[in-house]
Amino acid sequence: MRQRQSKGEFTVARGSSGIVAGLTAAAVAAVAFLAYQASANAPASVASTPGRKPSASASAQPSAKPKPTADPLAVPAASGKGERVVYALKDRRVWLVDEDNKAIRTFTVMPSPVSPPPGAHQVTSRSGTVQGSDGVPIEHVVRFANVDEVAIGFSAAQDGSMASPDPTSKTGGVRMKRADGNAMWTFATVGAKVVVVP
């Protein structure tokens, strides 16, 4: 036999369901507020812009990896193999390369007004100290080419200068610092290979 619910029990039940509904509404409002606050304080990299969705094509393509930059001090690839002196005209740089194709020294130079032709040459003569064709006392002269009766060679000014030569002069001295000249003198004996690259 079904018992009848008293008026007092009905009031208590209706009151408890109202409390539950109120607590649920308050919880939903609190969660919504916290979500808004989190998105408002998120960094630009993670915050989403309303109404904009990332395109499928952009997410499907892998990001391109940056290409490694070439080492500007690396021995030029087109300079041959084995022990040699490499002179790069455009870079104004010389490498002393051992038999294992490793640079044991590299340094900048001041080019001569008359440049040697690209290609393989060899050291033909050397002089310890002489007067340069520009009148400057020089040391450790290593000659390796001739262009229109102008001898081309590496050398160092005894005063350590590397001034730009007169571009109209017919001289072939490729100048370097004295310490580099010492290294060249030790490395490039008569018959040593000198490779000139553009």
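This is a predicted model: local features need pLDDT of at least 70, side-chain atom pairs count only at pLDDT 80 or more; totals for chains, interfaces and linings use all residues.
Residues are numbered from 1 along each chain as its sequence is written, and side-chain values use heavy atoms, with hydrogens and water left out. The protein chain has three helices and nine strands; these are DSSP runs numbered from the N terminus, with helices being H or I of at least four residues and strands being E of at least two.

**Overall layout**
- Going along the sequence, the pattern reads α-α-β-β-β-β-β-β-β-β-α-β.
- Of the 198 residues in the protein chain, 28% are buried (buried is under 20% relative accessible area, exposed is over 50%, and partly exposed is in between, using a 1.4 Å probe and protein chains only).
- Take the contacts (heavy atoms within 4.5 Å) between residues at least 6 apart in sequence: 50% of them join residues at least 24 apart.

- Which residues of α3 (178-187) are buried? They are Asp 180, Gly 181, Ala 183, Met 184 and Phe 187.
- These residues lie on the same side of α3, because they cover an arc of only 160° around the axis (the arc is that of the directions from the helix axis to the C-beta atoms).
- Their cover includes strands β1 (84-88), β2 (93-97), β3 (103-108), β6 (137-147), β7 (150-157) and β8 (173-176).
- The largest nonpolar core holds 25 residues, and Val 85, Val 94, Phe 154 and Met 184 have the most contacts inside it. A nonpolar core here is a set of buried Ala, Val, Leu, Ile, Met, Phe, Trp, Tyr and Cys residues joined through side-chain atoms within 4.5 Å.
- At least two residues of this core come from each of β1, β2, β6, β7, β8, α3 and β9 (193-197).
- A second, separate core has six residues, among them Val 86, Ala 88, Val 195 and Val 197.
- Leaving out residues up to four places away in sequence, Met 184 touches Val 85, Val 94, Leu 96, Phe 107, Val 142, Phe 154 and Met 176.

**The largest pocket**
- Its volume is about 250 Å³ (the space filled by probe spheres set on the grid points, which are joined across faces, edges and corners).
- A pocket is an open set of points on a 1 Å grid over the protein atoms alone, where a 1.4 Å probe fits, with protein on both sides within 12 Å along at least five of seven lines; lining residues have an atom within 4 Å of a point.
- The lining has 19 residues, with Ser 133, Ile 138, Arg 143, Ala 151 and Gly 173 nearest the centre.
- β7 gives the most to this lining, six residues.

**Residues to look at**
- His 140 sits in strand β6 and has a positive phi of about 50° although it is not a glycine. At 16% relative accessibility, His 140 is buried.
- Glu 149, in the loop between β6 and β7, also isn't a glycine and has a positive phi near 65°. With a relative accessible area of 82%, Glu 149 is exposed.
- Pro 165 is in the loop between β7 and β8 and is partly exposed at 28% relative accessibility.
- Beyond its neighbours within four places in sequence, Pro 165 is in contact with Met 110, Pro 111 and Pro 113.
- Pro 165 and Pro 113 are 52 residues apart in sequence, yet 6.8 Å apart in space, C-alpha to C-alpha.
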